[in-house]
Amino acid sequence: MEKMSEDRYLTFALGKGRLANKTMELFEKIGVTCEEMKDKDSRKLIFVNEDLKFRFFLAKGPDVPTYVEYGAADIGVVGKDTIMEENRRVYEVLDLKYGKCRMCVCGPKSAEELLKHHEMIRVASKYPNIAKDYFYNRKHQTVDIIKLNGSVELGPIVKLADVIVDIVETGSTLRENGLEVLEEICPLSARMIVNQVSMQMEPERIKRLITDLRAHL
Ligand code: PRP
């Protein structure tokens, strides 16, 4: 016989780090706890709440939409930046309102002019797809995009690139390196994403979770 849906685990993929901690704090408010996960010394990758039949695992942020698209996780929590960059077939169902920051084009003040006249410029970013979409489709400016993996602010300083596309939270990294926000691309925050098949198979449990979370935002 087909198992009752209550017997099936709902699996959550959480982006590692600050975001995962914030997510567990929020989940505690709606009674979803996971004691196992609080042990900081543990090297375990997957955690279970047997009462609720929930499983949680931590993954690198950019891998979260991948797990969710393939159904290895029913639900994911990850930054909007990663969702936009990865462009996976998943449902984005809820803005969790934490991890707020902005995706921006940044550089030295002198680079401002380069953004006005459709000049061919070099753009360094950890987010080549977001950068490409912004410059090609929204600004109609042909640019050369250079993918970096972090400390992107170095790009304009060492003249690898004219500008960068990066996340700005407090703005202090920019300030301390003589750079500034030149254009704002979009606001960012943590989002909940859902596998498209899971949404059809477990609509009650997933909708209930969304409703409960929304009440605490
Ligand atoms: C992020 C981002 C900026 C910085 C922005 O980097 O890429 O560098 O934070 O924050 P601020 O506006 O508050 O200074 P992260 O710390 O994730 O490291 P990374 O450089 O390796 O990407």
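**From a buried arginine to the ligand**

Reply: Arginine 191 is buried, with a relative accessible area of 11%, where buried means under 20%, using a 1.4 Å probe and protein chains only. The model is predicted, so local features need pLDDT of at least 70 and side-chain atom pairs pLDDT 80 or more, while totals for chains, interfaces and linings use all residues. Residues are numbered from 1 along each chain as its sequence is written, and side-chain values use heavy atoms, leaving out hydrogens and water.

Arginine 191 belongs to strand β11, residues 190–194 (strands are DSSP runs of E with at least two residues, helices runs of H or I with at least four, numbered from the N terminus). Its side chain is joined to that of serine 189 by a polar contact of 3.0 Å (N or O atoms within 3.5 Å, a donor with an acceptor within protein; sequence neighbours count only through side-chain atoms).

Turning to the ligand, the residues that surround it include Lys126, Gly150, Asp166, Gly171 and Ser172 (a heavy atom within 4 Å). An oxygen atom of the ligand is 2.8 Å from a side-chain N or O atom of aspartate 166, and a ligand oxygen is 2.7 Å from a polar backbone atom of glycine 171. For serine 172, a side-chain N or O atom is 3.5 Å from an oxygen atom of the ligand.

Key: Buried means under 20% relative accessible area, exposed over 50%, partly exposed in between (1.4 Å probe, protein chains only).
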